[in-house]
Amino acid sequence: MHFEQKRQAEYTNHNDDINITTRCFLRSLLIWGRVVEQRKILKAAMEIAAVTSTVSVAPQSRLLSNAFSRKLGSISSLSFGFFEKEYCFKSSRLCVSATASMDAVTAEKTSQASSFLNKKETGILHFVKYHGLGNDFILVDNRDSSEPKITQEQASKLCDRNFGVGADGVIFAMPGVNGTDYAMRIFNSDGSEPEMCGNGVRCFARFIAELENLQGKHSFTIHTGAGLIVPEIQDDGQVKVDMGTPILKAQDVPTKLPGNKGEAVVQAELVVDGVSWNVTCVSMGNPHCITFGKKGGPSLKVDELNLPEIGPKFEHHEMFPARTNTEFVEVLSRSHLKMRVWERGAGATLACGTGACALVVAAVLEGRANRKCTVDLPGGPLEIEWKQEDNHIYMTGPAEAVFYGSALL
């Protein structure tokens with residue numbers, strides 16, 4: 001009894017407004033302290049501290065009471081009184097300390113991130129990714145140099161869709177030569193360098209318009225490996241491109257197939273893996289082999305093709321010393337064509353602008369279509385016109401920015 005009286009006096013002196021129920025609870029808690037381990041109480045307090053760091057003391061008190069009740073099970077219905085208040089203030093201090101520690105960690109991480117983002121430009125390539133009907137490109141502002149900022153090997157790595165940015169090619173906007181406004185170079189996803197790319201030149205035009213902050217309708221001249229190209233940005237954002245004149249002379253395409261319509265190769269036989277195909281060869285500054293089907297066979301159904309199997313056999317055929325792009329074409333009407341393409345150096349792509357131009361030329365030469373056609377590609381339609389007045393081919397289609405980024409080289 002002496003021990004209990006002493007304990008009760010201590011509690012009474014400590015806080016006169018603590019009622020008998022609270023003092024009884026505290027006494028019970030002290031007696032059963034070994035049963036309810038201090039670690040369990042501390043763990044509960046720390047969890048509650050995390051929850052109540054931004055709550056005032058009074059609400060904290062209620063939260064603590066509820067949380068401790070859940071943690072301590074059978075004694076949950078008892079009031080915590082003094083014990084509750086004491087731990088409330090302790091948890092408050094704990095929360096402030098924890099918050100300060102977290103703030104310090106966050107500040108350190110933010111500082112590290114800022115330091116990383118503001119690091120020197122060595123080894124970093126800034127770019128904008130565009131696509132023309134799903135034919136996608138990494139566009140690089142290279143106007144301060146006539147040499148590409150990255151190598152062909154680096155371009156190939158950037159084009160990798162698993163370990164890089166992912167693209168069909170990297171395009172460089174360079175200073176103009178021979179009086180042109182700009183020069184364009186492109187590295188394919190395999191690291192090779194083609195003469196030109198129709199979808200790529202539309203993306204190039206939109207990229208230049210953004211770099212120069214051009215609004216509305218604009219046209220400019222571009223020097224390419226295929227010669228002079230003149231894109232014009234339309235009011236609706238589409239890009240119309242004067243692709244120049246088609247090249248039909250066999251040795252200039254180039255192809256080893258002999259000309260059978262003057263010096264042109266039109267509906268000639270090409271044996272691929274033991275199968276005879278009818279092909280027409282056209283260059284748009286880059287070589288194209290266009291086929292509407294097998295010799296003596298039915299009209300081609302392009303969706304039924306095993307393109308990954310047949311495409312490389314055309315591309316690397318011995319009749320094409322510079323390899324070739326190959327267009328497989330289905331005629332829907334005289335003004336509506338559908339194609340799938342195997343691009344030299346890039347494989348199966350969703351669109352090929354020069355290929356769409358070349359196939360309209362081939363379709364006209366074979367008597368299958370008019371000079372103005374809609375060409376359906378896997379990525380969407382292009383409008384192609386081969387004008388009789390000037391012999392130029394005009395391509396109209398979209399080009400859209402996908403995202404801006406910085407790549408580690």
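Residues are termed buried at under 20% relative accessible area, exposed at over 50% and partly exposed in between (1.4 Å probe, protein chains only). The model is predicted, and local features need pLDDT of at least 70, side-chain atom pairs count only at pLDDT 80 or more, and totals for chains, interfaces and linings use all residues. Residues are numbered from 1 along each chain as its sequence is written, and side-chain values use heavy atoms, with hydrogens and water left out.

Eight aromatic pairs are present in the structure; rings of Phe, Tyr and Trp (its six-membered ring) pair if their centres lie within 6.5 Å, with planes under 30 degrees apart counted as stacked, over 60 as edge-to-face and the rest as tilted. One of these pairs, F127 with F403, is edge-to-face, at 5.9 Å centre to centre and 75° between the planes. F127 belongs to strand 1 (residues 124–132) and F403 to strand 18 (residues 400–408), so that distant parts of the chain, 276 residues apart, are linked; strands (E, at least two residues) are DSSP runs, numbered from the N terminus. F127 is buried at 7% relative accessible area, whereas F403 is partly exposed at 33%.

Y182 and F220 form an edge-to-face pair, with 5.8 Å between centres and 80° between the planes. Because Y182 lies in strand 4 (residues 182–188) and F220 in the loop between strand 5 (218–219) and strand 6 (222–224), the pair ties together parts 38 residues apart in sequence. Y182 is buried at 13%, and F220 is buried at 5% relative accessibility. Y182, F204 and F220 make up one aromatic cluster.

Technical notes:
Helices (H or I, at least four residues) and strands (E, at least two) are DSSP runs, numbered from the N terminus.
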